[in-house]
Amino acid sequence: DFVVNLCREIGTRSMPKRTTQDRKEVGPSLDRVSSAQRDSFTVSAQPIRVDDDSDESDESYYSGLDSEPDTSGISSNGSAMGDQPSQELFTSDDDELADGASDDKLGVSKAGSHDATSDTSDEEDARNTVGNIPMNWYDDYPHIGYDLDGTKIMKPAKGDELDKFLAKMDDPDYWRTIEDKYSGKKLLLSDQELDIIQKMQQREFPEASVNPYPMQINFFTYETMEQPLSGGTEPKRRFVPSRWEAKKVMKIVHAIRMGWIKPSAKKEAEKPNYYLLWNETDDASKDKKHRMHIPAPKMKLPGHDESYNPPPEYLPTAEEREKWEQEDPQDRERNFLPQSYKSLREVPAYPRFIQERFERCLDLYLCPRQRRMKVNIDNPDILLPKLPKPKDLQPFPTTESIVYTGHTEMVRCISVEPLGQWLASGSSDKSLRLWEVSTGRCVNTVSLETTPDSVAFCPNQELTLIAVTVGQGVWLINHGLGDKLAASHTDQLFGSVMNCDDANEPSSVVWSCSTDEASSKRLKLILTLPKPVKQITWHTKGDYFATVMPEGGNHAVYIHQLTKKRSQNPFQRSKGLVQKVLFHPTKPLFFVATQKYVRMYDLVKQELVKKLMTGVKWISSIDIHPQGDNLIIGSYDKRLCWFDLELSTKPYKVMRQHKQAVRQVCYHRRYPLLASCSDDGTAIVSHGMVYSDLLKNPLIVPLKILKGHSTIDNFGILDVRFHPVQPWLFTAGADSTIRLYT
């Protein structure tokens, strides 16, 4: 619509004005129009505007191209800016009759017709004068509007869709043909009009002669000009002080004198925020921030041991060299071993040069730069914590009473019967021995296929049952000691277990039963697992027990139920190399100790409850307090960590009492005692009191260092257990003996 209106406006401006003679020629046709009709018509001198919302047929736009050009700015008669010849702007009567339109349809009488060669035209009289109205109002009428004379402008004949398609295929100019919706005529766009449409689509000026970027004349430049732009003289007011400015200045001066306005202090020049860290001059000592100047720590001067050819007494022996290599780097007296060379030329490059330079930089960077005042303490004992005397914390084991001998090799594990009458021990000589605690007599010996790594009595006192690890299996043996009724009850339990259905049994665990001829034909259950079993532990009720296979990967831990002959893997994925597991004494909680962490799981909710950060390199043992609120672990890096489960996930107390790796730790079930054993051949008994008052921290006091075992091949005491009733302690050593301390 915009294109048609623009073309019509361009045609109107380019159309020659009518003369008086022309008006006289069309006079008779105007006379035929009644006064009422003349009043009802409105002829606008402005170009006709069509509402954007007006309905129009698809024939109003040309088709035939994928991307149709914009037809804005094109007149309805096909001319562009009035530059086309007059035969395109005006049509003669013969052309109109040839197109199928009569003089009556055009609204021009025969008397008003003129020759096509004349300069005037009746195009202005044939213009539709309906105004800015929706053209869909004329869809149901044969005419499309009215001309200046009030005559109906008839709609031209239109073909159907087939005719349009044929015209689109046959007519090469179909793509540049548009339709004037005010007259219904087909208009052909010229090349100049198409050029204008293309420029309007690209948002350029339609006229090529228009320069959108004219040259700009800079009247004001940064250069100093000899002649100013204005040559007027300066006014006198620019040289006379202003009265009002003087009043304003005096007002500010008065405010400053009265103290209402305080002038800003002069800013001192900013000093550089860097300084010499280890400057020894007097300027650094005068600095307020660094009055307590400390010079840089000097390196230790080399001694005879650092010489390339030291004296023979400084060279280490083979034993000293082996001991130095076994120690931790932080525990060594010096970080090198003296070596002797014949000449300086044979000395190789020092491998720790870069590391020592880095440590020297750390010393300079982390060294304290402020001198601290020393506190003079007359009595250093006041700095020690006030602990009760060991005599006030009795009873605890102090004296070696009985030595159990009979094993030929090192004793790896021991266990005490719940009533404290019998003691079981497993040794590297592939045997399991049962001892009478009070007399030290060996009452039974069971031969095993491999070396046992763990042995444990069942805590259920109604059963005479003991579990021992044998390679890739676990043997549940009815030892038959003590009450005969309990022994028979254990045999009945074994029979009922073997009669249970194996539907719930995993394929990796196999339950079987056999008879031990050496043990008075007592029955025993054998559980076969895929990897070697290193630990076995019982639940307090005696029905469940857990096994640990460090090499089992995701199947490292299994929980077995004795009465239902059921085995299950509680973890789909193992988080680290599992070392030890433990049941909570009162709650359905399960502790899993890996190399560095201890995770606590809820077996009912099947979720992780807490993760304990031990801070050690390798966990060796774990035990829980009988009340279940405190946990203690031992590690191979000589440390003993006490955890308060209600307090934090980090150790409450870390103790380094042993000189070698800690092998085993344990709590006493009745007395506030705890014990630990190490490869240094000692067992340390400590007092560990846990108070019911939550605001009071546990009391840990070392009581006694028990010595008696000898060290063989760097192995000392391998296992330690408390008597369940008495304050007695059992220790198993690498010297193939078991010792009882009372």
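**Salt bridges**

Reply: A search of the whole structure finds 18 salt bridges. A salt bridge here is a side-chain nitrogen of Lys or Arg within 4 Å of a carboxyl oxygen of Asp or Glu. The model is predicted: local features need pLDDT of at least 70, side-chain atom pairs count only at pLDDT 80 or more, and totals for chains, interfaces and linings use all residues. Residues are numbered from 1 along each chain as its sequence is written, and side-chain values use heavy atoms, with hydrogens and water left out.

Take Asp-191 and Arg-176. Their side chains meet in a salt bridge at 2.5 Å, N to O. Asp-191 lies in helix α9 (residues 191–201) and Arg-176 in the loop between α8 (161–170) and β3 (177–179), so the pair ties together parts that are 15 residues apart in sequence. Helices (H or I, at least four residues) and strands (E, at least two) are DSSP runs, numbered from the N terminus. Asp-191 is exposed, at 57% relative accessibility. Arg-176 is buried, at 14%. Buried means under 20% relative accessible area, exposed over 50%, and partly exposed in between (1.4 Å probe, protein chains only).

Next, Lys-186 and Glu-179. Their closest N and O atoms are 3.6 Å apart. Lys-186 is exposed, at 56%, while Glu-179 is buried, at 5%. Both belong to a network of salt bridges that also links Lys-158.

Last, Asp-637 bridges to Arg-639, with the closest N and O atoms 2.6 Å apart. Asp-637 is buried, at 9%. Arg-639 is partly exposed, at 21%.
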